[in-house]
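Please keep the sequence and the structure in view while reading.

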Amino acid sequence: MPKKVDHEARRQEISEALWRIAGSRGLEGTSLRDVAAEAGISLGRLQHYFRTRDEMLLFALQHINRLAEDRIRERIAALAEEPTPREVLRACLSGMLPLDERSRVGLLVGAAYYARAVHDEALRAEAKNGIPQLRAFFADQLRLAADRGELPPERATEDEAMLLISMTEGLATYVLLDVHGPETALRLLDLYLENFFGAERSAEGGAERAAGNGAGRATETPAPSGPVAP
């Protein structure tokens, strides 16, 4: 009886081979033959799963974004039963930083995709897809923090949410460029959040929660704005 092949698993294995290439030398000039060699399969077998290079690239980007979303969900699930908005934001934002080798490779892959996405409509659409949802999610957390007295109401906006995303992606980029290390990036993120929320205001919010005010609420977490780690 023929062995049953898990086509989705094979497509993911090919994607992971593509990520290894992207993480080490980028995607420019990478052919289906290169990816087949990296995956240890024939070109004909690879084309059984992906007819074209663009089809393979798009699937790989979609898959890495799904994994990134799962990674952020796990970070939030590991928090306290009713995490504060600040704790939720820190879990999401720190998950966007290359704090270990695996997440560093993930961001290198993302950088390779972005370089192609500038001139590739399908990749650009996929790369942009998660940004509005992430911005809205962060803005919702900021509004919740304002409701709980942990943040000035005027800072609970989508513009501030976008600045949080942009600041963190800048910190991540500078880690890839060796401008600073992962520890410094995380320290700067914590410093920004401390200045953003204000230590005194956060302490007051904590006292209110202890008295039973401003209970947290669960929120569906969208995918990060870019690949985090394969």
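## Surface and burial

The accessible surface of the chain comes to about 11900 Å², and carbon and sulfur atoms account for 51% of that area. The model is predicted. Of the 230 residues in the chain, 43% are buried.

## Secondary structure and contacts

The chain has eleven helices and zero strands. Read from the N terminus, the order of elements is therefore α-α-α-α-α-α-α-α-α-α-α.

Contacts in the chain also reach across the sequence. Taking the contacts between residues at least 6 apart in sequence, 72% join residues at least 24 apart.

## Helix 4 against helix 7

Two packed helices are described by the angle between their axes and the distance between the axes. For helix 4 (residues 53-77) and helix 7 (residues 121-129), the angle is about 5° and the axes are 10 Å apart. Angles under 35 degrees count as roughly parallel, so helix 4 and helix 7 are roughly parallel to each other.

Which residues of the two helices meet? Helix 4 contributes Leu57, Leu58, Leu61, Gln62 and Asn65, while helix 7 contributes Ala122, Leu123, Glu126 and Ala127. Sorted by class, this contact of helix 4 with helix 7 has six nonpolar residues, two polar residues and one charged residue.

Tyr192 and Phe196 are four residues apart in helix 10 (residues 182-197), so about one helical turn separates them.

The cut-off for buried is under 20% relative accessible area.

Phe196 also pairs with Phe197: the ring centres are 5.5 Å apart and the planes are at 70°, so this pair is edge-to-face. Phe197 is buried as well, with a relative accessible area of 2%. Together, Tyr192, Phe196 and Phe197 form one aromatic cluster.

Note on methods. Residues are numbered from 1 along each chain as its sequence is written. This is a predicted model: local features need pLDDT of at least 70, side-chain atom pairs count only at pLDDT 80 or more; totals for chains, interfaces and linings use all residues. Side-chain values use heavy atoms; hydrogens and water are left out. Buried means under 20% relative accessible area, exposed over 50%, partly exposed in between (1.4 Å probe, protein chains only). Contact means heavy atoms within 4.5 Å. Accessible areas come from the Shrake-Rupley method with a 1.4 Å probe; for residues, only the protein chains shown count as cover. Axes are lines fitted to C-alpha atoms, for helices over the stretch in contact, and angles run from 0 to 180 degrees between N-to-C directions. Angles under 35 degrees count as roughly parallel, over 145 as roughly antiparallel, 65 to 115 as roughly perpendicular and the rest as oblique. Ala, Val, Leu, Ile, Met, Phe, Trp, Tyr, Cys and Pro count as nonpolar, Asp, Glu, Lys and Arg as charged, and the others, Gly among them, as polar. Rings of Phe, Tyr and Trp (its six-membered ring) pair if their centres lie within 6.5 Å; planes under 30 degrees apart count as stacked, over 60 as edge-to-face and the rest as tilted.
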